[in-house]
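Reader: I have a few questions about this one before I set anything up. Show me the model, please.

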Amino acid sequence: MQIGLFGGTFDPIHNGHLRAVLDVMETFPLDRCMLIPAAAPPHKARPDMAEVSDRLEMVRLAAGGVEGLEVSEVEVRRSGPSYTVDTIRHFQKVLPSGTRILLLLGVDAFFEIDSWHAWQELLGAVPLIVMTRPVGDEPVSRSAAAEFLRRRIREGYCFDPEAGGFLHPDLPTVYYRKVTLLDISSTDIRRRIQNGRSVRFLLPEAVERYIVERKLYR
Ligand code: ATP
């Protein structure tokens, strides 16, 4: 059994998140993937962030009926900052032994991973699946990821084309996966709403309806 953990602020969840996760589920492949909204994201907290209950509900609406996608409230229920390492420890405890847990994240988040709480423990605990994402005008190349690993994480990672990831003699693999590049971000969606522009086709219709009903991001 291979299970993906995909955390985020999801303020709001959008088609960039969803398509990337589906691509990984199909091609990796993963048996299941947990979408995990952060209650108190250490890096992304903003005073005008939507309530966690709303962000959770939007994730539920987005995942509804999608086979293999599940929503976890583990970070919503935990007090204090939502550290990913704590979430990994939680799933290691509750999932049946022999389950392989992998952490999914976009390449923009990956490039900040060395600022995360207990990041060294995290990189030693589970393989990562880094998903491509347009950053600025360009998709980020694999060589930029290789350079980041070498300079900021640890020497010794080596790309293996068969595995589709960077292998290390002492650490779990860092997979690098090309997913459908959708230049969609929650920031852009919030801005469009504030400016009275449409967000149609950027996120699931049910999420769009929820945003209108709850008057979010105005
Ligand atoms: P914001 O614009 O508010 O910073 P965001 O769109 O980056 O938000 P988050 O909820 O912060 O969304 O992201 C959660 C995870 O999803 C991160 O690992 C991020 O890299 C990844 N992600 C977000 N958007 C995309 C996308 N369009 N393609 C691939 N990965 C994405």
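Author: Tyr217 is a place to start; it sits in the segment after H9 (helices are DSSP runs of H or I with at least four residues, strands runs of E with at least two, numbered from the N terminus). This is a predicted model, where local features need pLDDT of at least 70 and side-chain atom pairs pLDDT 80 or more, while totals for chains, interfaces and linings use all residues. Residues are numbered from 1 along each chain as its sequence is written, and side-chain values use heavy atoms, without hydrogens and water.

Reader: What is phi of Tyr217? And is Tyr217 buried or exposed?

Author: Phi is near 65°, a positive value in a residue other than glycine. Tyr217 is buried because its relative accessible area is 9% (buried is under 20%, exposed over 50%, partly exposed in between, with a 1.4 Å probe and protein chains only).

Reader: Which residue other than glycine has a positive phi of about 50°?

Author: Ala118 does. Ala118 is in the loop between H5 and helix H6 (119-125), and its 27% relative accessibility makes it partly exposed.

Reader: Switching to the ligand. How many residues surround it?

Author: The count is 22, and the closest are Lys44, Asp108, Arg133, Ser186 and Thr187 (near means a heavy atom within 4 Å). That shell divides into seven nonpolar, 11 polar and four charged residues (Asp, Glu, Lys and Arg are charged; Ala, Val, Leu, Ile, Met, Phe, Trp, Tyr, Cys and Pro nonpolar; the others, Gly among them, polar).

Reader: Which elements supply at least two shell residues each?

Author: Strand S1 (2-8), helix H1 (15-27), strand S4 (100-106), helix H5 (107-110) and helix H8 (186-194).

Reader: How far are the ligand oxygens from His14, Gly106 and Arg133?

Author: A ligand oxygen is 3.0 Å from a side-chain N or O atom of His14. For a polar backbone atom of Gly106 the distance is 2.9 Å, and for a side-chain N or O atom of Arg133 it is 2.9 Å. Taken alone, the ligand exposes 600 Å², of which the protein buries 92% (Shrake-Rupley areas, 1.4 Å probe).

Note on methods: Polar contact = N/O pair within 3.5 Å; in protein donor to acceptor, adjacent residues only side chain to side chain.
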